[in-house]
Structure formats: C-alpha cells, structure tokens
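Keep the structure open while reading.

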Protein chains: 2
Amino acid sequence: MGKLDFSPIADTTRRAEIVALLRRAILTGQLEPGQKLNELRISEQMRVSRAPLREAMRELVQEGILTSIPYAGTFVIDVTAKDIDDAYSLNKVLDEFAIERTWPLRDQRFFDELDRRHTAVKQATRELDTTRQIETALQLHGLIHEWADNSVLLETWQRLTSRLQMYFALHQRARNEPVPAEDVHETYVRLLMGSDMRAAQRHAKEHIDLDFEELLAYARGLEQRGSKGAGADRAGRPKGG
Amino acid sequence: MGKLDFSPIADTTRRAEIVALLRRAILTGQLEPGQKLNELRISEQMRVSRAPLREAMRELVQEGILTSIPYAGTFVIDVTAKDIDDAYSLNKVLDEFAIERTWPLRDQRFFDELDRRHTAVKQATRELDTTRQIETALQLHGLIHEWADNSVLLETWQRLTSRLQMYFALHQRARNEPVPAEDVHETYVRLLMGSDMRAAQRHAKEHIDLDFEELLAYARGLEQRGSKGAGADRAGRPKGG
DNA sequence: TCTTGTTAGATTGTCGACAATCTGCTTGTC
DNA sequence: GACAAGCAGATTGTCGACAATCTAACAAGA
C-alpha cells in the first residue's frame, strides 16, 4: 500500500455549490441583512431550477444565517446588538474550553499551523483586503477549536463563526476606513505558544472584548437609526420575528 | 385594544410537519442510527411528494441528526462513544454558563416553571413511560438555557439536546429494565432554588457525569461488538464517514 | 374617511416526470 | 476460477408546471 492519503473528492451536486455561493454572498455582505431572497430570480441567475436552490436555502436556514417565513419568503437574518452580545459572550466560553482542550495536544504541527495562519492574517492586512482579513483572522482564531479534538465543539464554533463573520463584514463595510495596520494577534499567538494556559485564556477573553465593543457600538447605532430601506432592489422585510 | 396576546399561528407547510415527524422518529429511536432513509418509500408512506420531504431532510442534516452522502443517500447519524463524550463535555461548559446567566434572572415564574417541569418528570417516571421520561428530563434541564436570555446559547443547547435525546433513547431501548424509580433531579432542583450558585454549577457537572458514565459504557460496548445489520429492512450503511 | 370585500399579480409550496449516478449481477474472456 | 466490461434495477438529483397563499391595489358601503 502506498502512503498517499486521498482527500474525498468534491461534492458535485448543484445544491452544494449553491450553498457555497449563497453563504459567501451573505458572509461578505453582498446580501444585506433583512434582504429577501427571491427564488425565481436567483434560480434564473444561477441557471438552476428552484428545487436545489430551495434545498440549499433550507440548509442555510438551519445554519442560522437565513430565516424563513412560510409563504412570505426567506430572508437574510437581521443583526441586532443583542445577537452580537449573545454570540460574543458564548464565544468566550467556547474559547476558554477550546484552549483548555487544545493545550495538552499542542505539538510542532500545531505551532507550524498557528504561524501559517498568523502570516496569512498579516499578509491580508498589508494588502488592505478587508474581506480576506476577516476570513483569515477567524481562521486563526478557529485553530484552537479545530485542534481541541471535539467535533461538537468545532461544529458549534463554526456556526457561531458564520454570524460573527457576517457582523464583521457589515461593520467593515460600513466604515470605509482602511483596516488597522498594527498586528493585534501578536500577543494571542505568543501566549498560545507559551506555557501559561490561564494567561492565554484570559487574553482570549480580553482581546475579543476589544473588537466586540466597537462592533456593538456600531450595531446599536444601526438600531437607533431605525430600519430604513435595505436591499439593493425592492427588499421586503420580515414582519416581526 | 384588548389585552390578549395572540401567539403566532402554527406553520402549516407539509415540510414543517415532515420535519417534526422525522425528528420524533429519530429521537425516539424508531429510526435507528446508521439506517438509511429511502425517499420514495417515506414519501409514499406520508402521502407527500419527494420535494418537501427532501427539504425537510436537508434541515435535519444541518440539525446534526442526519448525514447525507451525495447520490448514496441520507442516513441517521451513527452514535460513537467519542460523540457522546464530546457532547457531554461541551454540555457541562454550557450548563455552567447557563446557570451563571440565569442566576440573577430567577424569579417566581422561574421557580414555578422549574417545579412544573420537575413534576412532569416525576409523573413520567411513575408511569414508566421511558420515552416521555427522557423528554421531560431534558426539558427540565433545558430551563436554565431558556431562561439565560441568550438566543445563541439556547439554539446551541437545543442542537446538543437532539443528540443527547437520541443517545438516551438508544440506551433505554437497549436495556429493557424499567427506569430508575428514585428521583435523581431532587438535589438539582433544590440547588437551583437556593442561594449558592457555585454549588448548583458543581452539582450540574457531577449529576451529568452519573448518567454519562453509564451511557458511555453502553456506547463502547456497541462499538466493540462491531457494526451488525441495523435497520428493520434492507438498511444500507454509510461507508466511511 | 374609514372599513370591508374583491380581484389581479407575484411568490412560495408541492407535484410528477426525467436525467444522472450508484450498486450488484451477469457475461465473456483469459 | 479470476477478473474486467457491460447491463439492469434502484435511488438520488434536477427540472418544469401547477396549486396554494400572500400582498397590494381598488371598489363599495356605512
């Protein structure tokens, strides 16, 4: 037997591709929060029938980034300050747990991967590619969850991540300024390579708090301003909730 | 204006009903782990077409109790000892968090509801209704997550619960003995009504540990015995995973 | 003017049929 | 007998059309 490990070949169903396309559109902010997804139009644009599109939308509803109202439509979820608050406070707990589980499993491969992802963030930052910067930062942050050897944790974190990424994208898109140039992840990475687990856990909490306060303030501003017309085109909004 | 608050009317789509039916069948163990779901047969039995059935299945895949392999089929997830271990260890963390958040929000309505659910468990226990006993016990346990005022936490816990319920049902079904008669939740409820939060958190962890060890041992036994033929009828199994 | 009934249009939910893919068996060859 | 090629059946993925429902505009009446 050869030593080569083959990875599973790509899922070649239209459904899977549609899911990927829609998810990307939502997480990058191309589809705005509250916007309605018109099945007929999207299916025509993608050149597929409504069946696989609808199945894809059901998946994203369960994934938590779409919401569906029978006979009314499917909408991108609305971002409320409370949602962000909830997601972040839970994220802290998960981070603490992930670090605890990952800690004894750290090895050279872990450190290499940590460095690789850290480099990716720095590069995206240099290139002023905000979308990619968000992506890579979340991937860096996700390493401890992937390494913790707990599939349920990983799954949970990935669900949370979808929303966080959406929130961040919204935020970044709102303020047009170029991204902070300095490297805010330096300390985080250094602590993860060190020997003081408690310190790493503490920093994870505090570091998150930083971005969080900014994001929260932005979301509160959005809500105060009230719900103005949202979508690029006639975008109906879900009624109550 | 009258004072009456109307709750939203039920979702009246076939899809929603199918989801409920399938979920119940899985969580009660009528559909066994690893079993394949034949779309044509199920749609004929339910007298619906495959479209809403397939959409319902996509939802349950994302909910984590089904798994789908393109062009091969959709299967009830397999229960491994590690899954149970993962789910439980994460559950502990969530419980601790939920208690912390719920603690300052406890009021008379909370205590009433706690008592109501506790009574439901005791009744189901008296009536030797194992399925209902599992359901009510999880509902009792879920109160702290509902009360914590964190929608993301609640959602996460509900996902976990689906699996736990499945595992428990499997376990109960395996050992045909009648259920333990004594009330194992007495202490838990008492602590939640008391004033020592740390004690409540500690007990939540330990109490869970009890059932968990038993369940884990059972799952390990299942795995050692290897994968025998599963379903009631020609039930193909997913290959690797 | 406000409310209620009606209607047309658009959109979602569902259906039955067809295409693509997988699985297992059979056949033919060595 | 072992093995590859090919075929038949079953199952999943996708399509286009129809039915059910919602929305908004409009008309009728108090």
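## The surface near DNA strand C

Sorted by class, the surface near DNA strand C holds nine nonpolar, four polar and six charged residues. Nonpolar here means Ala, Val, Leu, Ile, Met, Phe, Trp, Tyr, Cys and Pro; charged means Asp, Glu, Lys and Arg; the others, Gly among them, are polar. The model is predicted: local features need pLDDT of at least 70, side-chain atom pairs count only at pLDDT 80 or more, and totals for chains, interfaces and linings use all residues. Residues are numbered from 1 along each chain as its sequence is written, while chains are lettered from A and ligands numbered from 1 in the order in which they are written.

In total, 19 residues surround DNA strand C. A residue is near a strand if its C-beta atom, placed from the backbone, lies within 6 Å of it. The closest are A:Glu39, B:Arg14, B:Ser49, B:Ala51 and B:Pro52. Both chains contribute: α2 (39–46) and α3 (50–63) of chain A, and α1 (14–27) and α3 (50–63) of chain B, each supply at least two residues of this surface. Helices (H or I, at least four residues) and strands (E, at least two) are DSSP runs, numbered from the N terminus.

## The surface near DNA strand D

DNA strand D has 19 residues around it. A:Arg14, A:Ser49, A:Ala51, A:Tyr71 and B:Glu39 come nearest. The elements giving two or more residues to this surface are α1 (14–27) and α3 of chain A, with α2 (39–46) and α3 of chain B. By class, the residues near DNA strand D are nine nonpolar, four polar and six charged.

## How the two chains relate

At the interface, 25 residues of chain B are in contact with 25 residues of chain A. Contact means that the C-beta atoms of two residues, placed from the backbone, lie within 7 Å. On the chain B side, α3, α4 (81–102) and α7 (151–174) each supply at least two residues. That side has nine nonpolar, seven polar and nine charged residues. The copies meet through the same surface, because 100% of the interface residues of chain B are also interface residues in chain A.

## The fold of chain A

Chain A has nine helices and three strands. Along the sequence they run α-β-α-α-β-β-α-α-α-α-α-α. Of its 241 residues, 32% count as buried. Buried means 20 or more other C-beta atoms within 10 Å of the residue's own, exposed means 12 or fewer, and partly exposed lies in between, with C-beta atoms placed from the backbone. Among contacts in chain A with a separation of 6 or more, 73% join residues 24 or more positions apart.

## Residues to look at

A:Arg47 is not a glycine, yet has a positive phi of about 60 degrees. A:Arg47 sits in the loop between α2 and α3 of chain A. With 7 C-beta neighbours inside 10 Å, A:Arg47 counts as exposed.

A:Leu128 also has a positive phi, near 60 degrees. This residue lies in the loop between α5 (108–126) and α6 (130–147) of chain A. Is A:Leu128 buried or exposed? A:Leu128 is exposed, because 11 other C-beta atoms lie within 10 Å.

A:Glu100 belongs to helix α4 (residues 81–102) of chain A. A:Glu100 is partly exposed, with 17 other C-beta atoms within 10 Å. A:Glu100 and A:Ala148 are 48 residues apart in sequence and 8.1 Å apart in space, C-alpha to C-alpha.
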